[in-house]
Amino acid sequence: MPKQSSGFLSQFLLPVTAVVVTVAGIVCALLIWSTREIDSIAEERQRQIVETVLRQNIQRIAHDQEASTYWDDAVRMVRTKPLDLDWLDNNLGIWLHKYYGHDDAYIVDDADRPIYAMQQGERTQPDDFRRLRVQASPLIEELREKMRRGAHDEIGPTVLTPGATDLAIIDGRPAIISAKPIVSETGRLPQVRGREFIHISIRYLDGSFLRDLSGQYWIDKARFSWTARYAPGESVEALRTRRGDTIGYVLWTPFSPGSQMVAKLAPVLSAALLAVALIVMLLLIRIHRTLAALKASEAQAQHLAFHDTLTGLANRALFQDRLDHALASVRRSAPAVALFYLDLDRFKAVNDTLGHPAGDQLIRDVAHRLKLVTRSSDTVARLGGDEFAIIQTGGTTPAMAEILCMRLVEAIAEPFDLDGVRVAVGVSIGVAIAPVHGLDRIELSRKADIALYEAKASGRGRYVLFTEAMDATVKRRQAIEHDLREALALGGQLELHYQPIHDARSHAVIGVEALIRWRHPVQGLMAPATFIPIAEESDLIEPIGEWALNEACRAAQRWSFDSVSVNVSAVQLRNPAFPQTVLTAIRTSGIDPRRLELEITETSFIENEEACERNIVALREYGIRIALDDFGTGYSSLNHLRDFEVDRLKVDRSFVAGIDRREGGSAIIRAIVGLAVARGIAVTAEGVETAEQAAWLTSVGCDALQGYLLSRPLPQAEIDARFGVVQAG
């Protein structure tokens with residue numbers, strides 16, 4: 001053998017062959033290990049899903065009952081003689097089967113005698129209750145004891161009445177059995193504690209429950225068994241009563257993503273390893289240096305072309321390419337793919353406050369946390385600004401997508417350290433899943449974006465899985481926007497109602513607040529909560545606000561009230577031309593500028609403080625008064641009261657409603673009034689509905705009152721009729 005060939009064999013070929021074989025062995029070992037780990041994790045997650053679904057069903061059946069049992073009408077109707085069985089069917093019996101899927105329902109009277117029975121959506125004889133009296137009697141007695149002693153500790157935001165729920169075997173079938181009292185929601189109907197009529201609902205765990213597991217939660221081939229014996233490859237979960245007695249088992253075929261992945265990748269991986277080995281062996285000597293340089297150059301160019309320069313994440317181009325490939329795989333019967341759209345909450349505030357370098361560092365830190373939370377098989381991309389996206393592959397399920405969402409929200413919620421400054425942001429997430437929500441990239445992205453919008457609209461720091469109802473909501477919003485544009489173009493549909501503002505002591509009318517209404521040609525009179533948010537998101541809020549301002553000023557010229565108040569949106573307030581718009585309305589109508597009061601919210605001011613403050617200063621120089629609306633419900637920073645002047649604080653109706661409760665409404669109002677008095681600011685309380693509220697608010701120093709106790713909002717004609725019109729000249 002030539003010396004050169006021998007050198008090549010000893011120095012290159014044999015070492016490379018050894019490396020290739022070793023790497024192949026390691027890859028195979030890792031693949032086998034990871035396959036088992038992935039399958040184990042998937043099986044454990046499915047076990048958690050089964051436990052969660054069972055727990056939720058136990059809770060839900062009691063919650064479903066409260067839709068009908070916590071009701072004055074139900075209390076009256078079950079005691080009516082003779083019984084209106086059709087009413088009971090439609091509200092306490094068959095309705096529960098059709099609407100919530102309850103299998104059986106029974107009602108017993110205050111002496112535990114059955115008066116009504118429903119089985120599988122059909123009304124039966126009350127005596128059929130004997131078939132489950134043994135199982136139901138302990139729960140009924142437990143519930144009556146709770147009612148006698150007043151079990152308030154069980155009542156909370158989602159639980160309205162005490163209850164007793166357990167698992168049991170009924171007619172040889174495993175079932176959830178739940179007992180709930182039929183009680184008055186107003187407390188106006190006399191009832192003896194412990195002697196209430198009781199509603200009992202049954203849901204069997206070997207019927208629709210198993211179908212729901214398979215259909216809604218992708219628990220494959222779920223079935224019930226009396227014993228723990230199961231076929232190879234099946235998982236099992238015991239059904240236990242509250243005492244810990246096992247009444248049966250739920251079995252299913254667990255999802256094995258690792259095994260499926262190996263089955264698909266093994267041939268490809270083997271071929272790839274062989275091809276790599278051959279290429280390396282053939283080209284190692286001749287093009288080693290050239291190839292190394294070329295690969296380095298190509299890798300750098302590819303990285304720059306397909307990765308974000310700030311974070312190193314995939315950019316929009318690579319994200320779209322990978323999403324296209326993932327969806328193509330799904331179309332070829334590959335497992336489902338989930339698309340996550342993420343948007344940081346409060347990022348603009350950090351960027352504006354700490355500067356762009358801090359904002360860039362925050363983006364890099366967020367990207368790092370996203371990579372830590374996701375799997376290597378997932379694609380994490382930065383689409384621009386503070387927008388990110390994740391493609392979750394490997395056979396995702398709605399439950400798996402929700403788990404990842406929870407981990408993402410939790411990870412981003414942890415404070416960030418930006419050069420010694422701790423900042424807290426959040427993340428809103430929208431999710432769409434292929435093939436359920438579509439197989440086209442644009443369509444799936446659109447639906448994930450809709451879900452993201454819903455998440456942000458519901459309070460931020462949330463995650464939302466897309467539903468078709470959201471698409472309908474978007475289309476409805478678009479329809480409202482279209483109709484609102486037509487209303488502005490045609491005129492005559494928008495109108496103002498005016499709610500009087502009364503002096504707190506004399507109750508004389510001292511002013512009115514202009515409230516916009518839309519008389520839609522099809523839907524009738526629409527409140528501003530329906531269309532104003534849509535107008536603010538489009539370009540319609542400024543023309544609507546300008547129209548309302550002109551209308552209110554013209555109307556104010558007819559009356560002798562001290563003031564007319566007009567609400568101003570954040571969009572109007574940050575427009576540099578807004579003061580001139582207000583002055584034009586005043587000059588056109590001829591009213592005294594001191595009679596006009598503009599109401600702004602804390603939030604609208606803070607969103608663009610510098611521009612808003614300039615406008616407020618300019619308006620006050622002309623004598624126009626400024627009121628801070630909904631005070632205490634937004635940022636509530638005392639600094640804002642020190643930094644710019646206002647003439648009036650308006651106490652939000654939520655605090656007024658809390659005067660007679662334990663939420664501390666009274667203490668908050670005292671603090672607001674004390675703050676206003678110290679700064680010489682007038683105070684108006686909104687939402688006054690009782691004489692007691694009016695008297696208390698007057699006693700603590702409120703100057704003016706507004707609410708349905710004194711007057712509802714009235715059209716201009718009714719204001720004219722009730723309070724008269726100032727005659728010209």
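Which residue in β2 does Val108 stand opposite? Here are some notes to read beside the model, which is a predicted one.

1. **The strand pair in the opening question.** The residue opposite Val108 is Pro114 in β2. Strand β1 covers residues 104-108 and strand β2 covers residues 114-119; the two run antiparallel and are joined by five bridges.

2. **The sheet around that pair.** Widening the view, β1 and β2 belong to an open sheet of six strands, ordered β3-β2-β1-β6-β5-β4, with antiparallel pairing. At the edges stand β3 (122-124) and β4 (164-170); each has a single partner strand, so one side of each is left without a neighbour in the sheet. From one strand to the next, the twist averages 20°.

3. Gln120 is partly exposed, and its relative accessible area is 41%. As background, most residues other than glycine have a negative phi.

4. **Arg346, another positive phi.** Arg346 is a residue other than glycine with a positive phi, in this case near 65°. The loop that holds Arg346 lies between β10 (337-345) and α10 (347-354). With a relative accessible area of 49%, Arg346 is partly exposed.

5. **Two cis peptide bonds.** The bond joining Lys81 and Pro82 is cis, with omega about -5°, and Pro82 sits in the loop between α2 (72-78) and α3 (85-92). A cis bond also leads from Ala434 to Pro435, with omega near 10°. Pro435 belongs to the loop between β15 (426-434) and α13 (441-457).

6. The side chain of Arg595 does reach the backbone oxygen of Trp559, at 3.0 Å.

7. **The surroundings of Arg595.** Arg595 is placed in the loop between α18 (578-589) and β21 (596-601). Setting aside neighbours within four places in sequence, the residues in contact with Arg595 include Ala556, Gln557, Trp559, Ser560 and Phe561. Asp562, Ser563, Val564 and Arg625 are also in contact with Arg595.

Definitions and conventions: Residues numbered from 1 in each chain as written. Predicted model: local features only at pLDDT ≥ 70, side-chain atom pairs only at ≥ 80, totals over all residues. Heavy atoms only, no water. Pairing = 2+ DSSP bridges. Helix = DSSP H or I, 4+ residues; strand = E, 2+ residues; numbered from the N terminus. Axes fitted to C-alpha atoms, helices over the stretch in contact; angles between N-to-C directions. Polar contact = N/O pair within 3.5 Å; in protein donor to acceptor, adjacent residues only side chain to side chain. Contact = heavy atoms within 4.5 Å. Buried < 20%, exposed > 50% of the residue type's maximum accessible area, 1.4 Å probe, protein only.
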